[in-house]
Amino acid sequence: MNFCSINDVDNPQGWVDEALALKKEIETYGPKVYTGKSICLLFFNPSLRTRLSMQKASFNLGIQSFIFNLNQEGWQLEFEDGTVMNGYTSEHIKEAAGVLSSYFDAIGVRSFASLSNKEEDYTEKVFNQFVKHCSIPVINMESATLHPLQSLADMITIKEFAQVKKPKVVLSWAPHPKALPQAVANSFLQWAGQMDYDFVVTHPEGYELAPEFMQGARLEYDQKKAFEGADFIYAKNWSSYEEYGQILSQDKKWMIDKVKMNLTNNAKFMHCLPVRRNVIVTDEVIDSENSIVMQQAAHRVTSANLVLRKLIG
Ligand SMILES: CCC[C@H](NC(=O)CCC(=O)O)C(=O)O
Ligand SMILES: NC(=O)OP(=O)(O)O
């Protein structure tokens, strides 16, 4: 079993409840004794939360974790099958995946979108080569188009803070100086679509997400209208999917501020972090009692606990 996307999860709402129950179990009985199991966490890109929450969750479940920063520490990998490797790549993913499979009980992979090759990104070429050539479970620690560990943590957080049975949840685009992947937004769409939410996406024209992820989610181009009566505001930047990887707007009017939050039903503010303060959201909002970004980040451990137990616990 892998944890590539929500498609590997038989009952997403059930996983949210199981994760909260496992969190209580660990808080009550403490971390499990060493099981002899091990996991290697492979990173092509930077990380704070994903890296450390996966190590903490490994500790909680008695699993030894190893970190490997591929760009700084590994050989340049070849992901194309059949290539004559007389260029700059030193090792084929077939060998690398085979060796990792012989050393560990599972691996995690972080490999962000190129934002230049839409076809390779949206077929998950890099991540799927690890899945294809590994004989052990593979966990998605943010791939080109998805971030399921983050999304499970997000669903757990909303479950914990929801005051009503069917909360209004708004995914709002916000400006950013860099071109960022659509992965967090895509994954949030997938998981929110499986929950009992009144779910709305709001973004400027030109930032439409891939149809396969929008899957009938309600879209509102008027951000203020989208915010009306909301219970949760989930802010995230992403670059254009249509004009792939491009920044079409850095319109400061889309920054989340108190005036917009006052349109909501006293909504909680969420962001996956890292966040650009006073670009994505004002200090006033992210420092307010309505901000639950810390609790959300803490649930990255809750999320990782359950995924590790499901796959190798
Ligand atoms: C969990 C989020 C990871 C990543 N975020 C960034 O790359 C932000 C980098 C920055 O703000 O410089 C993203 O948007 O996918
Ligand atoms: N939200 C998240 O995945 O954070 P990192 O990029 O720091 O792991």
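Is K125 buried, partly exposed or exposed? K125 counts as partly exposed, at 21% relative accessibility, where buried means under 20% relative accessible area, exposed means over 50%, and partly exposed lies in between (1.4 Å probe, protein chains only).

This is a predicted model, in which local features need pLDDT of at least 70 and side-chain atom pairs count only at pLDDT 80 or more, while totals for chains, interfaces and linings use all residues. Residues are numbered from 1 along each chain as its sequence is written, chains are lettered from A and ligands numbered from 1 in the order in which they are written, and side-chain values use heavy atoms, with hydrogens and water left out.

**Salt bridges**

Side chains of opposite charge can pair when their charged atoms come close. With a salt bridge taken as a side-chain nitrogen of Lys or Arg within 4 Å of a carboxyl oxygen of Asp or Glu, a search of the whole structure finds 16 of them. One of these joins K125 to E80, with the closest N and O atoms 2.3 Å apart. The pair links distant parts of the chain, since K125 belongs to helix α6 (residues 125-133) and E80 to the loop between β3 (77-78) and β4 (91-92), 45 residues apart; helices (H or I, at least four residues) and strands (E, at least two) are DSSP runs, numbered from the N terminus.

In the salt bridge between D251 and K253 the corresponding separation is 3.4 Å, and here D251 is partly exposed at 25%, whereas K253 counts as exposed at 62%. Elsewhere, salt bridges that share partners join E25, K32 and R309 into one network.

**The two ligands**

Residues are listed around a ligand if one of their heavy atoms lies within 4 Å of it. For ligand 1 these residues are F112, E142, H176, K178, L180, P181, K236, C272, L273 and R276, and for ligand 2 they are S47, L48, R49, T50, R110, H147, Q150, C272, L273 and R300.

| Residue and part | Ligand atom | Distance |
|---|---|---|
| H176, side chain | ligand 1, oxygen | 2.8 Å |
| K178, side chain | ligand 1, oxygen | 3.1 Å |
| R276, side chain | ligand 1, oxygen | 2.8 Å |
| S47, side chain | ligand 2, oxygen | 2.7 Å |
| H147, side chain | ligand 2, oxygen | 2.8 Å |
| C272, backbone | ligand 2, nitrogen | 2.8 Å |

Taken alone, ligand 1 exposes 410 Å², of which the protein buries 86%. Ligand 2 has 260 Å² of accessible area on its own, and the protein covers 94% of that; these areas come from the Shrake-Rupley method with a 1.4 Å probe, and for residues only the protein chains shown count as cover.

Methods: Polar contact = N/O pair within 3.5 Å; in protein donor to acceptor, adjacent residues only side chain to side chain.
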